[in-house]
Amino acid sequence: MGLSTLLQGSSGHVPVRNLLLDGSGWIGLGVTTALLGSLLSASSRMAGMDPSGLAVLTMLPFAASLVSVVSGRIGPRSPRGLMAFRAVGSAALLCLLAGPATPAIIAAVAVFWLTYMLGMPLQQRLWGVMYPSPMRGRLLGAVGTVRFAAGTVAILLAARLAEDLGGLVVIGLGGVLGVSFALAVGRLDVPPLQHQAEYSIRRAIHIAVERPRLRAITLGQAVFGAGFVAAVPLVTLLQVDRLQLSLGEIGALGVVATSATTLAYALAGVAADRGSAVGVMVLGSLIGAAGMTVYVVADGLPLLVAASILLGASIGMTELMLPLLIAERATPSEQAPASAGMNAIWGARGLVAPFVATLAVSLGIAGIRGALLACAATMAVGALLFLRLADDEEVVRPGMGDATEAPLGSPEAVGEMIA
């Protein structure tokens with residue numbers, strides 16, 4: 001059975017070319033985000049960055065996420081625009097080759113995350129256009145699997161190179177690959193998007209919090225993510241200061257985590273199509289809370305490996321379910337503004353959570369392990385909030401996220417954009 005046959009579903013044929021180009025584009029992002037996630041904080045700490053600087057690095061993607069609420073005005077409008085945004089962001093990482101100056105590190109990473117987040121609302125819309133709903137889970141799972149597989153290979157190689165070249169230099173070199181693979185995005189074959197109406201900040205936030213079918217997603221991820229984000233600088237302090245791991249060991253843990261994420265993506269997409277995206281989301285968030293709890297008692301590599309596996313799997317499951325849940329519960333015209341509004345809300349909590357955690361440790365209010373336990377408890381509460389989605393009866397009918405049901409530019413879609 002060939003690939004074309006596998007991609008033939010009840011909603012029509014999925015162009016293999018789009019799937020390959022989409023996957024190629026995410027290879028570049030898989031490499032850059034994996035290197036940033038596994039090496040940036042530890043490398044910066046070893047270069048002399050203080051805990052407040054680590055908190056800034058942690059908050060940058062969430063600050064960018066907050067800014068993404070204006071993507072309806074200044075974000076990309078087409079695959080070519082998305083290509084340009086991604087290329088600029090990856091190119092900014094080349095500044096890390098200049099040295100370990102804290103302002104340069106923060107500026108380069110800020111540009112990367114800003115361009116990434118401004119492009120995500122359009123990416124959400126493109127997924128709704130390109131992939132039919134009965135197969136969307138497994139197709140996005142395939143794209144995510146490629147993304148995290150590339151990240152795993154990148155970390156595996158980077159862990160060796162970082163010992164000789166330094167982690168920041170390796171991340172800068174990864175930016176070159178990011179630019180190269182971003183070019184694939186500009187060749188996606190989708191219906192013209194230039195007629196898509198601009199959406200205001202007010203409308204984006206309104207859709208995210210006032211639509212009952214979307215509010216539960218927004219709230220659950222806000223709470224779950226707050227615990228996860230707050231723990232990022234704490235884990236770095238645990239690994240570098242308390243356990244004194246080397247860059248090679250930290251890189252190896254990154255390989256373990258991304259490998260778990262890759263496998264989780266492949267399995268979660270199929271599970272969501274055959275069962276329930278909500279069920280996968282709840283399970284994934286509970287696994288994440290369990291992984292964070294393991295960090296609380298970790299005193300060496302064996303338990304750190306276990307924690308990395310659990311958190312890696314959680315990332316794969318929850319990250320894949322978010323666009324699926326949005327596509328299920330938002331009409332075509334709502335998907336981009338809903339994504340922007342949710343990202344803004346999640347970004348706001350991401351600005352605060354890392355500083356609260358590091359401040360609590362710095363002031364002696366809590367130790368590193370006590371703060372990590374609080375993060376695990378917060379993630380567990382987020383998982384319980386996701387359970388509310390199971391009772392949601394306002395799910396958009398299958399196919400409403402597809403161009404075949406409500407094509408871009410159709411009177412129905414245009415009417416919804418104006419509403």
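**A buried glutamine and a helix pair**

Gln239 is buried, with a relative accessible area of 10%; the cut-off for that label is under 20%. Keep in mind that we're looking at a predicted model. Where does Gln239 sit? You'll find Gln239 in helix α10, which covers residues 212-242. Skip the neighbours within four places in sequence, and Gln239 is in contact with Gln244, Leu245, Ile250, Leu253 and Tyr295.

Now zoom out to the chain as a whole. There are 16 helices and two strands. Of the 419 residues, 58% count as buried, and Gln239 is one of the buried ones. As for the surface, the chain exposes about 16000 Å², with carbon and sulfur atoms supplying 67% of that area. Take the contacts between residues at least 6 apart in sequence: 87% of them join residues at least 24 apart.

For a helix-helix example, pick out α7 (residues 133-165) and α13 (residues 301-329). Their axes come within 10 Å and cross at roughly 150°. Anything over 145 degrees counts as roughly antiparallel, so that's how α7 runs relative to α13. The crossing of α7 past α13 is right-handed.

Which residues make this contact? On the α7 side they are Arg136, Gly137, Leu140, Gly141, Arg147 and Phe148; α13 brings Glu319, Leu320, Pro323, Leu324 and Ala327. Sort the residues of this contact by type and you get six nonpolar, two polar and three charged. The glycines, Gly137 and Gly141 of α7, go in the polar group under the classification used here.

Note on methods: Residues numbered from 1 in each chain as written. Predicted model: local features only at pLDDT ≥ 70, side-chain atom pairs only at ≥ 80, totals over all residues. Heavy atoms only, no water. Axes fitted to C-alpha atoms, helices over the stretch in contact; angles between N-to-C directions. Helix = DSSP H or I, 4+ residues; strand = E, 2+ residues; numbered from the N terminus. Parallel < 35°, antiparallel > 145°, perpendicular 65-115°, else oblique. Left-handed = near helix turned anticlockwise from the far one by under 90°. Contact = heavy atoms within 4.5 Å. Buried < 20%, exposed > 50% of the residue type's maximum accessible area, 1.4 Å probe, protein only. Areas by Shrake-Rupley, 256 points an atom, 1.4 Å probe, with all protein chains shown as cover.
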